[in-house]
Amino acid sequence: MNDQKKLKKMIENYAFVVYETALYLDTHPDDREAGELFKAYAELYQGGLAAYQKAHGPLRQMHAA
């Protein structure tokens, strides 16, 4: 697997954790540990997305702006 594919897979994994954690927090808003996990993975997602865009251009059309 090349670096571009690895980075894309990593971003997809981070996005999955962010999405699932957000769903969990909808029903458990007082869970601080889940809130911290959400924040950490949201930062990882944003960082991965920025790295991908810098190296390979926009990942999706909505990221082209």
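Trainee: Let's start with Lys39. Buried, exposed or partly exposed?

Mentor: Lys39 is partly exposed, at 48% relative accessible area. Keep in mind that this is a predicted model.

Trainee: Which residue does Lys39 form a salt bridge with?

Mentor: Glu36. The closest N and O atoms are 3.8 Å apart. That falls inside the 4 Å cut-off, so the pair counts as a salt bridge.

Trainee: Where do Lys39 and Glu36 lie?

Mentor: Both are in helix H2. They are three residues apart, about one turn of the helix.

Trainee: How many salt bridges does a search of the whole structure find?

Mentor: One. In general, side chains of opposite charge can pair when their charged atoms come close.

Trainee: Switching topic. How many helices and strands does the chain have?

Mentor: Two helices and zero strands. Helix H1 covers 3-27 and helix H2 covers 32-56.

Trainee: What about aromatics? How many aromatic pairs does the structure hold?

Mentor: One. Tyr14 and Tyr41 pair edge-to-face. The ring centres are 5.8 Å apart, with 65° between the planes.

Trainee: Why does that pair tie together parts that are apart in sequence?

Mentor: Because Tyr14 sits in helix H1 and Tyr41 in helix H2. The parts it ties together are 27 residues apart in sequence.

Trainee: And Tyr14, buried or exposed?

Mentor: Tyr14 counts as buried, at 17% relative accessibility. The cut-off for buried is under 20%. Tyr41 is at 26%, so it counts as partly exposed.

Trainee: Next, the core. Which residues make up the largest nonpolar core?

Mentor: There are seven: Leu7, Ile11, Tyr14, Tyr45, Leu49, Tyr52 and Leu59.

Trainee: How much of the chain counts as buried?

Mentor: 23% of the 65 residues. The chain exposes about 5,100 Å². Carbon and sulfur atoms supply 55% of that area.

Trainee: Overall shape, then. What is the radius of gyration of the chain?

Mentor: 13 Å. A compact globule of 65 residues would come out near 11 Å. The C-alpha trace spans about 40 × 25 × 15 Å along its principal axes.

Trainee: Last one. What share of the contacts with a separation of 6 or more comes from residues 24 or more positions apart?

Mentor: 46%.

Key:
Residues numbered from 1 in each chain as written. Predicted model: local features only at pLDDT ≥ 70, side-chain atom pairs only at ≥ 80, totals over all residues. Heavy atoms only, no water. Core = buried A, V, L, I, M, F, W, Y, C linked by side-chain atoms within 4.5 Å. Buried < 20%, exposed > 50% of the residue type's maximum accessible area, 1.4 Å probe, protein only. Helix = DSSP H or I, 4+ residues; strand = E, 2+ residues; numbered from the N terminus. Salt bridge = Lys/Arg side-chain N within 4 Å of Asp/Glu carboxyl O. Rg over C-alpha atoms; globule rule 2.2 N^0.38 Å. Contact = heavy atoms within 4.5 Å. Areas by Shrake-Rupley, 256 points an atom, 1.4 Å probe, with all protein chains shown as cover. Phe/Tyr/Trp six-rings, centres within 6.5 Å; stacked < 30°, edge-to-face > 60°.
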